[in-house]
Amino acid sequence: MSISIKSHREIEIMREAGKILAFVHEELGKSLHPGMTTWEIDRIGRELIHSKGCEPSFFNYQGYPASICVSVNDEVVHGIPSKKRIIKEGDIVSLDAGVYYNGYHSDAARTHAIGKVNDQAAKLIEVTRQSFFEGIKFAKEGYHLNDISRAIGEYAESFGFGVVLDLVGHGIGSELHEEPQVPNKAQEKRGPKLRAGMTLAIEPMINAGDYRVNWQEDKWTVTTLDGSLSAHYENTILITDGEPEILSLSQ
C-alpha cells in the first residue's frame, strides 16, 4: 500500500480546495427548502463550484452523471439528482460534493434536516456528525488508522445505530480516491501508522437501523436494507505533527 505524503505546496493547494468546498456546502445548505427538486440542488452546487473557477470532482467520475450526490432519507450515498424528486418538510438530505482545484481534490458531505424532522432523524444527524469528531481525536501522527475507525464505530453504535460497512472513507489528493481506505468500524488489523502530510477523507455513514445496504438498479444509489434513515458526514483532513487540520470546514 502506497500512501502519499503531501508536500508543503500540495497542502497549500488542498487547503484552498477545502475552503472553496466549505463555501459551497454553506451556500448549498442555505438554499435547501421544501418543494425544490434534487436536480435543482445539483444545479446550484455546480454553479457554486464553477463560480470559484473549479470543477466538480464527481461529474463523470466513473460515469456518475451529476456534480452533487443528493441522498434523501433511506438513501445512504450516491443519490442521483432528478427533476422528478422533490424534497419535502421532514426529509433528511445528504449532500456529498467534491472540488477539483489546481490538480487536487477536496471531498466533504453534510446531512441537512428539511424543516422540522422527527426526534430520531435529528439524533441520527447529530450522532453521525459527532462520530466524525470522535474519530479525528485519533487522527494524529503515531496513531494507527484503525484507532480512527474504532472511535467512529463505537460512538455511533453506543446510540444503537448501524455503521455501514460496505462503504469507507479514503485517502485523497491529486486523485479523488487514494490509499488508504478508512473504514468506520474497528478492523482486525491496526492499519498503517499515521504520518504528518497524509490527507484523508473521513466519512461516517450511519443508519438509524440495520447496518446493511442495497445498491439500486441505477448502480449508484445505495439505500438502507431495512428502509431506515441514513446520515453522512465527511471532511477532508490533514494529518500534522499535532492536532489534525480540517481542510473542508470553515473556521
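**Reading the predicted fold**

Q: What does Ile-172 touch, once residues up to four places away in sequence are left out?
A: In this predicted model, Ile-172 touches Lys-6, Met-14, His-105, Ser-106, Asp-107, Glu-178, Thr-199, Leu-200, Ala-201 and Thr-236. A pair makes this list when heavy atoms come within 4.5 Å.

Q: Where does Ile-172 sit in the chain?
A: Ile-172 is in the loop that runs between β7 (169-171) and β8 (178-182). As for Tyr-104, 68 residues away along the chain, its C-alpha is 8.3 Å from that of Ile-172.

Q: Why is Ile-172 called buried?
A: The label takes a relative accessible area under 20%. Ile-172 comes out at 0%, so buried it is.

Q: What makes Val-117 count as buried, and where is it?
A: Val-117 is at 14% relative accessible area, and the cut-off is under 20%, so Val-117 passes as buried. Val-117 is also a loop residue, lying between β5 (104-113) and α3 (119-135). Beyond residues up to four places away, Val-117 touches Gly-90, Asp-91, Ile-92 and Ala-122. His-170 is 53 residues from Val-117 along the chain, and their C-alpha atoms are 31 Å apart.

Q: What makes Asn-102 stand out, and why is it called exposed?
A: Start with the backbone: Asn-102 is not a glycine, yet its phi is positive, near 50°. Most residues other than glycine have a negative phi. Asn-102 sits in the loop between β4 (92-101) and β5.

Q: What about Lys-219: why does it count as exposed?
A: At 67% relative accessible area, Lys-219 is over the 50% mark and therefore exposed. Lys-219 has a positive phi as well, near 70°, and its place is the loop between β11 (213-215) and β12 (222-224).

Q: Which kind of peptide bond joins Glu-179 and Pro-180, and how do you know?
A: It's cis, with omega at about 0°. Most peptide bonds are trans. Pro-180 belongs to strand β8.

Q: How do you know that the radius of gyration fits a compact globule?
A: For 251 residues the globule rule gives a value near 18 Å, and the protein has 17 Å, so the two agree. The C-alpha trace spans about 45 × 40 × 35 Å along its principal axes, and the protein holds four helices and 15 strands. Of its 251 residues, 55% are buried. Among contacts with a separation of 6 or more, 71% link residues 24 or more positions apart.

Note on methods. Residues numbered from 1 in each chain as written. Predicted model: local features only at pLDDT ≥ 70, side-chain atom pairs only at ≥ 80, totals over all residues. Heavy atoms only, no water. Helix = DSSP H or I, 4+ residues; strand = E, 2+ residues; numbered from the N terminus. Rg over C-alpha atoms; globule rule 2.2 N^0.38 Å. Buried < 20%, exposed > 50% of the residue type's maximum accessible area, 1.4 Å probe, protein only.
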